[in-house]
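Please open the structure in your viewer and follow the stops below in order.

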Amino acid sequence: IVFFVSTHSKTEVVSKITINGNSRITNETIILFGEIEKNKDYSLKELNDVIKKLYLTEFFKVVELEIEDGELIVTIEENPIVQNLVLNGIKAEKFKEKILEILSIKERTSFIKSKLKKDISIIKRSFEDVGYYFVKIDTKIIENENNTVDLIYEIDLGKKTKISKIKFLGDKIYKDRKLLSVITSEEAKFWKLISSNKYLNRERINLDTRLLTNFYKNKGYYNIRVNNSYVNFLNDESFELIFDINPG
């Protein structure tokens, strides 16, 4: 969103620059980021460009400009800084570190609330990759006195999602038993207590698609297409894993 306030609709030469509202970021830095120049004849479009440049830094929640008698008044409100970012509910430190690396909101960076939804999706996707498809996430934002916030994610992993059935559709030629021996994913059976292959895993599904493709090519079906690999939700703990095969 671009905010612009001016007492004049025409261009005006800026002979003085005044900045209000900043505490962390210096006047010089704001002038540098906005590419603001003295003794320049600013049009309305150029002033709006200054505002866009300042917003792109992600340091500011509000930016307003006003020109009065050649004085450019820049009024800003800084975004708070994330002082502490906490992920509760994750025991594995390596996995926690991996997630922290890929989040868009990090410690010591600006807190932009609109990015929270994206980061929640990133966390959920990360857990889907290792078999947790019903993760619940609540967030707490604690505002501190020094324009900083503590951001806390409360994560409930739920149970790992099992593969109750694997199906092969299309003109598959080979029997299901043979195709099951080609892929790494396995149906969850009561005797498979140790195997992790019974849990739904996005990377493993991609691997299985490649394995099926290579299997058919080795059998002479060079135009093989595994058109789709997808999951069908059955209940809160299990899915069907389905491969649609066109050997050509």
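What is the volume of the largest pocket? It is about 350 Å³, where a volume is the space filled by probe spheres set on grid points joined across faces, edges and corners. A pocket is an open set of points on a 1 Å grid over the protein atoms alone, where a 1.4 Å probe fits, with protein on both sides within 12 Å along at least five of seven lines.

This is a predicted model, in which local features need pLDDT of at least 70 and side-chain atom pairs count only at pLDDT 80 or more, while totals for chains, interfaces and linings use all residues. Residues are numbered from 1 along each chain as its sequence is written, and side-chain values use heavy atoms, with hydrogens and water left out.

**First stop: the pocket**

Select Lys-61, Asn-79, Pro-80, Phe-111 and Lys-113, which lie nearest the centre of the largest pocket among its 16 lining residues; lining residues have an atom within 4 Å of a point. Next, colour β4 (60-68), β7 (136-143) and β8 (148-156), each of which supplies at least two residues of the lining. Strands (E, at least two residues) and helices (H or I, at least four) are DSSP runs, numbered from the N terminus.

**Second stop: α1 and α2**

Select residues 27-34, helix α1, and residues 44-56, helix α2; they pack at an angle of about 115 degrees, with their axes 8 Å apart. Axes are lines fitted to C-alpha atoms over the stretch in contact, and angles run from 0 to 180 degrees between N-to-C directions. The angle makes α1 roughly perpendicular to α2, a term for 65 to 115 degrees. Show the side chains where Ile-30, Phe-33 and Gly-34 of α1 meet Val-50, Lys-53 and Leu-54 of α2; contact means heavy atoms within 4.5 Å.

Select helix α3 (residues 93-102) and helix α4 (residues 116-128), whose axes are 10 Å apart at an angle of about 140 degrees. Their contact is made by Phe-95, Ile-99 and Ile-102 of α3 with Ile-122, Ile-123, Ser-126 and Phe-127 of α4.

Notes:
Parallel < 35°, antiparallel > 145°, perpendicular 65-115°, else oblique.
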